[in-house]
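Subject: Structure handover and notes

Hi,

Here is the structure I promised you. Please open it next to this email and follow along.

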Amino acid sequence: MAEKIYDVIVVGGGPAGLAAAVGAKEAGAKDVLIVERDVSLGGILQQCIHPGFGLKYFNEELSGPEYAYRFIEKVKASDIEVKLDTMVLEVGDHSVVGINPKDGLFVAKGKSIVLAMGCRERTRGAIMTPGTRPAGVYTAGAAQRLVNRQNMMVGKKVVILGSGDIGMIMARRMTLEGAKVLAVAELMDYTAGLTRNRVQCLDDFGIPLLLSHTIVEIKGNKRVEGVVIAEVDPATKQPIKGTEVLYECDTLLLSCGLIPENELTKEAGIKINPITNGPEVNQFMQTSEEYVFACGNVVHVNDLVDNVTDESLRAGQYAAQYALGTLPKAKEIPSVTGNNVRYICPQRICPDAPAKLFFRAAAPKLGVTMKAYADDKEIFSKKLIKINPGEMEHIEVKPEDMQGVSSIRIEVV
């Protein structure tokens with residue numbers, strides 16, 4: 001019997017993986033496989049019971065599980081094969097090496113592979129917070145899973161370090177569950193997450209937001225007894241002596257940034273962007289290994305799951321086209337960051353196809369104009385009331401604007 005070769009193998013069954021698999025099927029892929037390490041599909045959406053999902057994609061306000069359910073049903077209806085409770089150990093040479101209780105160690109072959117592993121949180125070790133090592137220190141996502149999926153309360157008096165979206169959402173969640181959130185401390189002088197989450201999760205509940213502050217010490221032996229918060233110099237980000245304040249608490253939640261889950265990507269020898277920590281891609285979501293595509297938070301951390309879905313549907317469609325031999329090949333040009341732009345995704349562009357370029361500002365600013373240039377020729381301009389690093393922006397570039405140029409540059413002025 002001949003070895004089965006899938007058209008598309010998707011690594012990850014969260015929002016990105018689900019959309020990529022659906023997109024591949026819609027584009028004509030016959031055999032599609034999703035490999036997911038959890039015992040169920042849905043990824044992080046399973047624990048995001050708050051509303052706010054789907055406003056752009058479905059024009060409805062859904063909870064995370066509701067949003068995931070819609071794509072899980074599409075997967076079931078599309079005859080897509082799924083392997084759950086399966087850990088992928090290696091990706092390379094048009095194959096995925098995995099292991100699970102049913103199959104043991106196995107190798108699945110694919111004409112194209114889509115990486116959709118999502119991201120993980122920075123831990124206390126990653127941000128090097130000093131002090132003792134007591135119980136009661138959680139990442140915001142770990143606390144969210146314990147409270148929302150396992151019905152376990154993590155604490156009663158809480159301090160949150162970092163103003164990422166999960167941290168602000170957990171400030172509201174802990175308050176609704178009866179805990180007292182004493183403060184959210186943020187190292188930067190602006191919030192790291194969406195403005196709507198600051199308003200709905202902090203302002204509406206009277207939770208103090210301490211910008212330009214950080215934790216300089218964790219106190220406690222067996223359990224957290226308090227944290228010392230100090231103001232930081234906005235320029236150096238170093239604590240200012242004499243500004244330390246002790247907050248007595250039993251729980252510390254960390255919301256200090258997300259990191260694309262890219263161990264498999266790196267081991268496969270795929271080029272990684274040093275700013276996003278994800279693989280460099282073109283507008284087809286194609287990595288430096290032409291048969292490997294990537295999408296969602298494994299490429300760059302998105303602010304909205306709706307954007308993840310849009311990006312991942314395209315990744316699946318183009319992965320299917322590659323498997324079917326219909327994906328165009330052309331010389332690529334780079335996208336280049338200009339004034340007040342931290343990064344752009346995709347980093348490479350095929351000039352013969354439209355490109356949607358997502359980017360984040362390097363610093364917040366009011367009354368700005370975002371512009372795109374083909375070499376030195378302005379091809380796009382739009383005024384914005386404000387721009388914030390916590391909220392992604394995008395510009396669409398047409399093929400006729402990219403012919404005969406060496407790069408596309410985006411800047412905010």
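This is a predicted model: local features need pLDDT of at least 70, side-chain atom pairs count only at pLDDT 80 or more; totals for chains, interfaces and linings use all residues.

Nonpolar cores

Start with the largest nonpolar core, which has 66 residues. Val8, Val11 and Leu115 have the most contacts inside it. Helix H8 gives the most to this core, with 8 residues. In general, nonpolar side chains in soluble globular proteins tend to be buried together.

Leaving aside neighbours within four places in sequence, Val8 is in contact with Ala24, Ala29, Asp31, Val32, Leu33, Ser112, Val114, Ala319 and Ala320.

Another core lies apart from the largest one. This other core has 21 residues, including Ile333, Met370, Ile395 and Val405.

Aromatic rings

The count comes to 7 aromatic pairs. Look at Phe293 and Tyr322. Their ring centres are 6.1 Å apart, with the planes at 65°. Planes over 60 degrees apart count as edge-to-face, so this pair is edge-to-face.

Which parts of the chain does the pair link? Phe293 is in strand E19 (residues 292-294). Tyr322 is in helix H8 (residues 305-324).

Phe293 has 0% relative accessibility, so Phe293 counts as buried. Tyr322 has a relative accessible area of 18%, so Tyr322 is buried too.

There is also an aromatic cluster, formed by Tyr57, Phe58, Tyr67 and Phe71. Phe71 has a charge over its ring: the charged end of Lys74 sits there, 4.8 Å from the ring centre. Elsewhere, Lys83 lies over the face of Phe106. The distance from Lys83 to that ring centre is 5.0 Å.

A buried asparagine

Last stop: Asn273, in the loop between helix H7 (263-267) and E19. Its relative accessible area is 10%, so Asn273 is buried. What does the side chain of Asn273 join in a polar contact? The partner is the side chain of Glu280, at 3.3 Å. With neighbours within four places in sequence left aside, Asn273 is in contact with Gly278, Glu280 and Gln347.

Best wishes

Definitions and conventions:
Residues are numbered from 1 along each chain as its sequence is written. Side-chain values use heavy atoms; hydrogens and water are left out. Rings of Phe, Tyr and Trp (its six-membered ring) pair if their centres lie within 6.5 Å; planes under 30 degrees apart count as stacked, over 60 as edge-to-face and the rest as tilted. Helices (H or I, at least four residues) and strands (E, at least two) are DSSP runs, numbered from the N terminus. Buried means under 20% relative accessible area, exposed over 50%, partly exposed in between (1.4 Å probe, protein chains only). A charge sits over a ring if NZ of Lys or CZ of Arg is within 6 Å of the ring centre and within 35 degrees of the ring normal. A nonpolar core is a set of buried Ala, Val, Leu, Ile, Met, Phe, Trp, Tyr and Cys residues joined through side-chain atoms within 4.5 Å. Contact means heavy atoms within 4.5 Å. A polar contact is a pair of N or O atoms within 3.5 Å; within protein, one must be able to donate a hydrogen and the other to accept it, and residues adjacent in sequence count only if both atoms are side-chain atoms.
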